Amino acid sequence: MSLENTTALVTGATQGIGRATAERLAADGAHVACADIQDTADTVKAIEEAGGSAEVIALDIRSAGDWSAAVEHLGRVDYLANVAGVVNMISEDSVVGLTEEAWDHVLGTDLKGPWLGMRAVIPGMITRGGGRIVNISSLAALRGLPNLASYSAAKGGVAALTRQAAFEYAEHNILINAIAPGTIDTPILGDITPEMKQANANSHLIRRLGRAAEIASMVAYFFREGSFLTGLTYPVDGGWSAKGNF
Ligand SMILES: NC(=O)c1ccc[n+]([C@@H]2O[C@H](COP(=O)([O-])OP(=O)(O)OC[C@H]3O[C@@H](n4cnc5c(N)ncnc54)[C@H](O)[C@@H]3O)[C@@H](O)[C@H]2O)c1
């Protein structure tokens with residue numbers, strides 16, 4: 001299915017997986033609304049230089065008002081990629097070491113954000129006869145990992161909410177899936193040492209970090225193909241989730 005003459009809204013489009021997704025969907029023909037709490041002008045410039053169509057949308061995914069303003073401005077959203085997210089930089093992220101402030105920040109961004117996004121776009125999709133949504137979960141939704149308590153709770157919530165939304169809106173021809181990435185080489189990794197990078201790479205059967213474009217390619221698959229897929233949380237993780245413990 002071509003994305004020509006459609007509008008795709010991508011959150012987190014300033015950098016990392018969101019930017020790669022915006023660039024990929026534009027290359028596939030969509031007009032891409034590049035949304036982020038940071039400026040997305042660079043992403044829009046890169047898309048336009050490559051011959052695609054895009055615009056900057058200033059949007060904090062935690063704000064219902066920002067979502068309704070964006071959807072009203074765009075008029076239509078055929079595809080929503082809920083990519084923006086954060087890790088806990090406020091406190092330790094163990095169950096006991098986590099602070100309430102950090103819990104509220106991570107859950108308020110990584111779980112509430114995608115919910116507000118779906119709530120904002122689904123009514124228009126129903127009116128127009130369908131649409132597709134991809135949410136970004138994490139392998140942390142499926143496996144216990146060190147120091148990711150609030151993050152795993154949020155991303156587990158994204159997987160559950162994706163399934164629930166798929167259940168509620170399949171009858172309106174709205175297909176909703178999530179992706180659970182392994183460790184992808186983006187700015188979210190912060191200043192980790194080369195040794196830590198290598199350890200992360202080694203957790204995959206394919207012994208390297210994933211690339212943002214490899215997640216974008218799965219988003220494009222869910223949007224362009226995937227006509228019998230909904231409610232999934234699909235690992236794109238270099239085989240991490242397939243790995244035994246030896
Ligand atoms: N990189 C990984 O290893 C990895 C693994 C699993 C899941 N993920 C998830 O993939 C998504 C993208 O991560 P990334 O690696 O590209 O991270 P990143 O930090 O490079 O990019 C995240 C983007 O989200 C934006 N953002 C943050 N809070 C926002 C808000 N309130 N409103 C709007 N925009 C906001 C940031 O400005 C940034 O541009 C996140 O949901 C992340 O949890 C990443």
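**Ground rules.** I worked on a predicted model, where local features need pLDDT of at least 70, side-chain atom pairs count only at pLDDT 80 or more, and totals for chains, interfaces and linings use all residues. Residues are numbered from 1 along each chain as its sequence is written, and side-chain values use heavy atoms, with hydrogens and water left out.

**Overall.** I looked up the elements: the chain has eight helices and seven strands. Helices (H or I, at least four residues) and strands (E, at least two) are DSSP runs, numbered from the N terminus. Next I checked the radius of gyration, which is 17 Å against 18 Å from the globule rule for 246 residues, so the chain is as compact as a globular protein of that length. That radius is taken over C-alpha atoms, and the rule is 2.2 Å times the number of residues to the power 0.38. Along the principal axes, the C-alpha atoms fill a box of roughly 50 × 35 × 35 Å.

**Sheet.** I traced the strand order as β3-β2-β1-β4-β5-β6-β7. The sheet is open and its pairing is parallel. Two strands pair if DSSP finds at least two bridges between them. At the edges I found β3 (53–58) and β7 (233–236), each pairing on one side only. Neighbouring strands are turned by 20 degrees against each other on average, direction ignored. I then looked at β1 (residues 7–11) and β4 (residues 79–82), which pair in the parallel sense over three bridges. V10 stands opposite A81 in β4.

**Helices on the sheet.** I followed α1 (residues 16–27) across β1, β2 (31–36), β3 and β4. It runs at about 170 degrees to β1. Axes here are lines fitted to C-alpha atoms, for helices over the stretch in contact, and angles run from 0 to 180 degrees between N-to-C directions. Helix α5 (residues 112–128) also packs on the sheet, touching β4, β5 (131–136) and β6 (174–181). Its direction makes about 175 degrees with that of β4.

**α1 with α2.** I found α1 packed against α2 (residues 41–49) at about 25 degrees, with axes 10 Å apart. That makes α1 roughly parallel to α2 (angles under 35 degrees count as roughly parallel, over 145 as roughly antiparallel, 65 to 115 as roughly perpendicular and the rest as oblique). R19, A22, E23 and A26 of α1 meet D42, T43, A46 and I47 of α2; contact means heavy atoms within 4.5 Å. I count four nonpolar, one polar and three charged residues there. Ala, Val, Leu, Ile, Met, Phe, Trp, Tyr, Cys and Pro count as nonpolar, Asp, Glu, Lys and Arg as charged, and the others, Gly among them, as polar.

**α4 with α6.** Helix α4 (residues 100–110) packs on α6 (residues 149–169) at about 25 degrees, axes 9 Å apart. That makes the two roughly parallel. I noted a right-handed crossing. W103, V106, L107 and D110 of α4 touch S150, Y151, A153, A154, K155 and V158 of α6. The contact divides into seven nonpolar, one polar and two charged residues.

**α5 with α6.** Here the axes come within 12 Å and cross at roughly 15 degrees. The two helices are therefore roughly parallel, and their crossing is right-handed. I listed P114, W115, M118, I122 and I126 in α5, meeting V158, L161, A165 and Y169 in α6. By class, that is nine nonpolar, no polar and no charged residues.

Terms used:
Left-handed = near helix turned anticlockwise from the far one by under 90°.
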